[in-house]
Number of protein chains: 4
Amino acid sequence: MNIRTDLATEQGELKHLGEKDGFYETVTQGDIPVSRVRIVNENAAQLTGKPIGNYATIFFDGAFSDDALFDQAVERTAEVIREFLKGAQNVLAVGLGNAEMTADALGPKVIDRLVVSRHLKDKLPDLYRQLALGNLSALRPGVLGQTGIETAEMIRAAADTVSPDAILVFDALASRRAKRLCATVQISDTGIVPGSGVGNHRAAVNREYLGVPVISVGVPTVVDAATLAVDTLEKVRDRMDESERAMAKAWTEDEGDRLRHAMGDYENNLIVTPQDIDALIDRTAKLLATAANQAIHRNVDREQMDLLCRV
Amino acid sequence: MNIRTDLATEQGELKHLGEKDGFYETVTQGDIPVSRVRIVNENAAQLTGKPIGNYATIFFDGAFSDDALFDQAVERTAEVIREFLKGAQNVLAVGLGNAEMTADALGPKVIDRLVVSRHLKDKLPDLYRQLALGNLSALRPGVLGQTGIETAEMIRAAADTVSPDAILVFDALASRRAKRLCATVQISDTGIVPGSGVGNHRAAVNREYLGVPVISVGVPTVVDAATLAVDTLEKVRDRMDESERAMAKAWTEDEGDRLRHAMGDYENNLIVTPQDIDALIDRTAKLLATAANQAIHRNVDREQMDLLCRV
Amino acid sequence: MNIRTDLATEQGELKHLGEKDGFYETVTQGDIPVSRVRIVNENAAQLTGKPIGNYATIFFDGAFSDDALFDQAVERTAEVIREFLKGAQNVLAVGLGNAEMTADALGPKVIDRLVVSRHLKDKLPDLYRQLALGNLSALRPGVLGQTGIETAEMIRAAADTVSPDAILVFDALASRRAKRLCATVQISDTGIVPGSGVGNHRAAVNREYLGVPVISVGVPTVVDAATLAVDTLEKVRDRMDESERAMAKAWTEDEGDRLRHAMGDYENNLIVTPQDIDALIDRTAKLLATAANQAIHRNVDREQMDLLCRV
Amino acid sequence: MNIRTDLATEQGELKHLGEKDGFYETVTQGDIPVSRVRIVNENAAQLTGKPIGNYATIFFDGAFSDDALFDQAVERTAEVIREFLKGAQNVLAVGLGNAEMTADALGPKVIDRLVVSRHLKDKLPDLYRQLALGNLSALRPGVLGQTGIETAEMIRAAADTVSPDAILVFDALASRRAKRLCATVQISDTGIVPGSGVGNHRAAVNREYLGVPVISVGVPTVVDAATLAVDTLEKVRDRMDESERAMAKAWTEDEGDRLRHAMGDYENNLIVTPQDIDALIDRTAKLLATAANQAIHRNVDREQMDLLCRV
């Protein structure tokens, strides 16, 4: 009820998944935990509310106050992106979201920091070969209210021109827990589920619509205010004794519609963010773009990346 | 408990104020309600948690989708500012807050739109006289973390130079109710109470410290996440029947520390804003600046204002 | 030699055009002069260096310090855009240029202020019909170095999706005369000539490539530094007496390569702009967007436009 | 005539200075040349048009496409700043210029990247002592048209509050040569000479007015258009043969007023910048801020700096 999350790892029902439905595991490499979820059939999809496919979640909490941890987070993210790209040579990167709205601007800000190279093949062929650059192009499709064109339509149009092997989509997500905001990245091969995220970019951006694999890279930047309200009630309940809990159960679950009414104002209109969201978005964009650059241009070091950005 | 608000009209205890302690009234002129609160003595101040002084609150809900209403809101705000300025001829405007944080940038954004005129007295004396301009100067003091200088110190330094009759301070406030965000402006003569607002500009900015009247013009731009959580519980309680309520009372009031623990994460770190806060801040800044320009430069129409901005 | 201009009216050879080659006339309506040039055949095109087609130039010098003149400039520009659109119902607007470079950001900034409506047909059909909105969609294609995709390719991809009757392209141009910067708008049906403008968006954006009429709306925002240098020499020569002039002719024309060497540094690297270019770009974008909105949504007044921007 | 430069090294008359008047020397350390000029008496000051004092100029051409060179440039700049500060413990940094004008925004942008520490002495005393931080505070005074307060007045007000040992002023300068734009930094102890720079911040910012040493750190970001025009003529003359030169001398020197008339339009209104000035300003601000941070907080490495920026 009113719970809005784009993170597979936040689906409470995951623990009910049997081995034949999917699996859930967390591996920690260095100081960075990576969890993996696989939804294998429709049954599991309905149970969890997430489409069939693979999900990896990287937890980079603390990376913005520790340079070594930041580097590890970039490394892990680059590895997972590379794994999901499965050797795709020609990649179209897409930054979803509204650049004019702080918490939704993550996607466009990642695009601003990518080393696009598709045009260098012809323009600087020697450099292109010498550095063994990947073939990367990029799109900031804007949002429907700015363009009058569905995001998915716009991506398909660009894909028709570029003919990519894979599409790599960056987006701001909604999370259930405030502590995951700008501290977690989810990479999946299921595309972007309509109705998610901060803004209103609703059309399906997935393999079915676009004809090539769609790898999405999403970071939660907001908690829905209604979700926060519901979680508050649950936290209070967790601290109750037995008899209180019985009482509370009555109205938090069975009479959920009272809460739904009470929360009415908040739906779709109010968001919860860290106070320093502006700075966090910038740092997260830097982390994702560095990782994507490394995943795609494998033989190029960071200094060369910096210079290529200025070609 | 955990309730954080900068609005005098949100102090529930106002209704307990007797006639000798202060008064509370709401007058609606056109479509714009204006409420006034007066805290007359220490007793009333302690009861309400607001300093002794005068507060006017203008409710401009809907002004951003109705140009006529916007004009009325500007008019009312200009009148109230003029009333609080009590004929001050030489005014120093100050925009508090961090221009780099969306929800805290209101103050600096108002300053950007003011028609400053102090320097025109010498530079364009004929124009100055002819338009009967007020004497307006402006300061964006930044925040402590950017400057290493307390906001109040910085304002005092500027005031020593400018010798104003009054200081007009613009700031982003915290509200208790989401529906008041960017829909309400509070004007008061008590200065800015330390610890309020979005950012961390803590030092007292008031007449006592600065030596001249300080008129503050504040608009709520965030709700504290902990406040939202507490209000959620109250909303649920309002819909309970008698016996449920008795139960709930137990843990929402008597055992408030359980909630306080549960809410611990949120304190000072999480804020609740409308999704389109970026656009709302811009429109609110325009409303306040237009009103302040009208209040100070009485004989200048809006078109002339526009041109003066470009001198 | 080294003269770089995108304005048809700046082609000195226009005066040599006979009646059968084209015509040149200037009509002043109110306080706003509008000049028209028509290049009718290849002979005229070679003589002037401008493609065959129609050009209208509107001179709005002074519009940023006189609101009435601004309104006239908007009116004239809207009329000419409407005339060039020839009744097109479905229009795709495109903002060329690099939003990260002040003098090249005009196109993207116009797009930000357009009332796009294509999606409202389905989303708000009653409003759409009631206001008799035109069908407007919009694209900010970015520049090659940011996307790896040629601007013209990107526009073609969007046009394949939107199937417009006409494409309306906004761009920053180079002028020969500093006094025309942000003071002149040229509207033409010849598309954007490769190699023009501030940035490096080189591919042809015209009817031939895109399959539908392309109406370009361009405002000069820079003078090429080499052009300024050459013009300086000419100005000096204009003030010489006969014998001096003979001398000067020797090195400014016959020995032009000396100058070319001397100017070498400046080519393509240095631009000349007014000091307050940042503010001028914003005001020009507002002028063009208001005019385009009026041209396309004929029955909608400016207040309604403002509200539609916020749907 | 019409030559406008803020760089001491661009004063052609330097070569005429005898040993008793001052000295001029260039030392290259690593790949970074540093030149030093000393103007010792009024005679030298009148000859060169620069006030009595010390000037160091660091040439960092190429530092933005070579990370090692960038690091050297930071190192040299930090050393020279430290040398000019002469052991000052308490430093007030000031960023002159208009943050809303691209080419004038250098000063404010440097301030945004400084590690201010004055407030940490009380707030985090252990960290302050442990890192042996310098005492740095910062001010962005804005420009007269935005504040109505003279820049120099505003700085004096802040200095009265902070009581610094020295004031470190960052500013955008005008250069004579386009190749020096964002490629040279001049550090001097003479303060900022009125009438210089891009914007209109005219009042003297120097030791005489402020009572403590004023160290200015300036980078040329524009060439005045009139200066470019004059230099063009000189470049052409340099390539002339003897008889042509005699002729040219007549009108470029003796009849300079013809040129002055011809150039009239350009004075104070037109500026020449590199096409990618937006990006260059950002990189230059990073270079200067990193150097200043190193000069003032001697025992803190760059990673610690980064973290301190986020305290």
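In chain A, residues 24 or more positions apart account for 75% of the contacts that have a separation of 6 or more. The model is a predicted one. The secondary structure of chain A comes to 13 helices and 9 strands, and 59% of the 311 residues in chain A are buried.

Helix packing comes next. Two packed helices are described by the angle between their axes and by the distance between those axes. In chain A, helix 2 (residues 67-85) and helix 12 (residues 277-296) have axes that come within 8 Å and cross at roughly 50 degrees. An angle of that size makes helix 2 of chain A oblique to helix 12 of chain A. The crossing of helix 2 of chain A past helix 12 of chain A is right-handed. On the helix 2 side of chain A, the residues that meet helix 12 are F70(A), A73(A), V74(A), E75(A), T77(A), A78(A), I81(A), R82(A) and L85(A). Their partners in helix 12 of chain A are R283(A), K286(A), L287(A), L288(A), T290(A), A291(A), A292(A), Q294(A), A295(A) and I296(A). By type, the residues of this contact between helix 2 and helix 12 of chain A divide into 12 nonpolar, 3 polar and 4 charged.

Chain D also has a packed pair made of helix 2 (residues 67-85) and helix 12 (residues 277-296), with an angle of about 50 degrees and axes 8 Å apart. Helix 2 of chain D is therefore oblique to helix 12 of chain D. Helix 2 of chain D passes helix 12 of chain D in a right-handed crossing. Residues of helix 2 of chain D in the contact include F70(D), V74(D), I81(D) and L85(D), and those of helix 12 of chain D include L287(D), L288(D), A291(D) and I296(D). Charged residues take part as well, among them E75(D) and R82(D) from helix 2 of chain D, and R283(D) and K286(D) from helix 12 of chain D. The contact residues of this pair in chain D divide into 12 nonpolar, 3 polar and 4 charged.

In chain B, helix 12 (residues 277-296) can be checked for length. At 1.5 Å a residue, its 20 residues should span 28 Å, and the end C-alpha atoms are 28 Å apart, which agrees. Helix 12 of chain B is mostly covered, with 16 of its 20 residues buried. N293(B) lies in this helix. Because its relative accessibility is 6%, N293(B) counts as buried. Leaving aside neighbours within four places in sequence, N293(B) is in contact with R113(B), L114(B), V115(B), L136(B) and M305(B). N293(B) and L133(B) are 160 residues apart in sequence, yet their C-alpha atoms are 9.9 Å apart in space.

Helix 7 (residues 151-162) of chain B passes a similar length check: at 1.5 Å a residue its 12 residues should span 16 Å, and its end C-alpha atoms are 16 Å apart, which agrees. This helix of chain B is also mostly covered, since 9 of its 12 residues are buried. The buried residues of helix 7 of chain B are T151(B), A152(B), E153(B), M154(B), I155(B), A157(B), A158(B), A159(B) and V162(B). What covers them includes strand 4 (90-95), strand 5 (135-139), strand 6 (166-175) and helix 8 (207-210) of chain B. The cover also includes elements of another chain, namely strand 5 (135-139) and helix 7 (151-162) of chain D.

In chain D, L210(D) is placed in helix 8 (residues 207-210). L210(D) is buried, with a relative accessible area of 11%. Apart from neighbours within four places in sequence, L210(D) is in contact with A152(D), I155(D), R156(D), I167(D) and V205(D). Of these, I167(D) is 43 residues from L210(D) in sequence and 8.8 Å from L210(D), C-alpha to C-alpha.

Backbone angles are the last topic. Most residues other than glycine have a negative phi. Just after helix 7 of chain B, S163(B) takes a positive phi of about 50 degrees. S163(D), which is not a glycine, has a positive phi of about 50 degrees. S163(D) is found in the loop between helix 7 and strand 6 (166-175) of chain D, and at a relative accessible area of 48% S163(D) is partly exposed. K86(C) has a positive phi near 45 degrees and is likewise a residue other than glycine. K86(C) sits in the loop between helix 2 (67-85) and strand 4 (90-95) of chain C. With a relative accessible area of 73%, K86(C) is exposed.

Definitions and conventions:
Residues are numbered from 1 along each chain as its sequence is written. Chains are lettered from A and ligands numbered from 1 in the order in which they are written. This is a predicted model: local features need pLDDT of at least 70, side-chain atom pairs count only at pLDDT 80 or more; totals for chains, interfaces and linings use all residues. Side-chain values use heavy atoms; hydrogens and water are left out. Axes are lines fitted to C-alpha atoms, for helices over the stretch in contact, and angles run from 0 to 180 degrees between N-to-C directions. Helices (H or I, at least four residues) and strands (E, at least two) are DSSP runs, numbered from the N terminus. Angles under 35 degrees count as roughly parallel, over 145 as roughly antiparallel, 65 to 115 as roughly perpendicular and the rest as oblique. A crossing is left-handed if the near helix is turned anticlockwise from the far one by less than a right angle, and right-handed if clockwise. Contact means heavy atoms within 4.5 Å. The expected span of a helix is 1.5 Å times one less than its number of residues. Buried means under 20% relative accessible area, exposed over 50%, partly exposed in between (1.4 Å probe, protein chains only).
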